[in-house]
Amino acid sequence: MRIRVRDAASDRPIRDVVRSHEAWMHLIVTRDELATFAHVHPQPAGRASSPST
C-alpha cells in the first residue's frame, strides 16, 4: 500500500508531518459492517510517500 498525503487545496505533497502519540501516522481500516478493523502505523519511506508496514 502506498499512502500519499497531499494538500486538498493545492494538491502539493505535505512534507511537514510530525509524530502523534509516538507514530508518524495512524491508519485505521474497517470492513463495511465495522466488526473488523486494523490499526497500523505506516513508517515514512521518503519525502512524499510511506508504505504500510
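Colleague: Which residues make the nonpolar surface patch?

Modeller: Val5, Ile14 and Val17 make that patch, and its area is about 180 Å². Bear in mind that this is a predicted model.

Colleague: Where is Glu22, and why is it called exposed?

Modeller: Glu22 is also in the loop between E1 and E2. Its relative accessibility is 71%, and the label needs over 50%, so Glu22 counts as exposed.

Colleague: What makes the phi of Glu22 worth a remark?

Modeller: Most residues other than glycine have a negative phi. Glu22 is not a glycine, yet its phi is positive, near 70 degrees.

Colleague: Which value of phi does Leu34 have?

Modeller: Leu34 has a positive phi of about 65 degrees, and it isn't a glycine either. Look for Leu34 in the loop between E2 and strand E3 (37–40).

Colleague: How do you know whether Leu34 is buried or exposed?

Modeller: Set its 62% relative accessibility against the cut-off of over 50%: Leu34 is therefore exposed.

Colleague: Okay, zooming out. What does the secondary structure of the protein chain come to?

Modeller: There are zero helices and four strands, so along the sequence you read β-β-β-β.

Colleague: How many of the 53 residues count as buried?

Modeller: The share is 11%, where buried means under 20% relative accessible area. The accessible surface of the chain comes to about 4,600 Å², and 52% of that belongs to carbon and sulfur atoms.

Colleague: How confident is the predictor, and which element has the lowest mean pLDDT?

Modeller: The chain averages a pLDDT of 80, with 85% of the residues scoring at least 70. Strand E4 (residues 50–51) has the lowest mean, 44, whereas E3 has the highest, 91. Over residues 48–53 the pLDDT is below 50, and that stretch has 24 contacts in the model beyond near neighbours in sequence.

How values were computed
Residues are numbered from 1 along each chain as its sequence is written. This is a predicted model: local features need pLDDT of at least 70, side-chain atom pairs count only at pLDDT 80 or more; totals for chains, interfaces and linings use all residues. Side-chain values use heavy atoms; hydrogens and water are left out. Patches are made of residues with over 30% relative accessible area and no salt bridge: like charges are joined within 9 Å, nonpolar side chains (Val, Leu, Ile, Met, Phe, Trp, Tyr) within 5 Å. Accessible areas come from the Shrake-Rupley method with a 1.4 Å probe; for residues, only the protein chains shown count as cover. A salt bridge is a side-chain nitrogen of Lys or Arg within 4 Å of a carboxyl oxygen of Asp or Glu. Helices (H or I, at least four residues) and strands (E, at least two) are DSSP runs, numbered from the N terminus. Buried means under 20% relative accessible area, exposed over 50%, partly exposed in between (1.4 Å probe, protein chains only). pLDDT is the predictor's confidence in each residue, from 0 to 100. Contact means heavy atoms within 4.5 Å.
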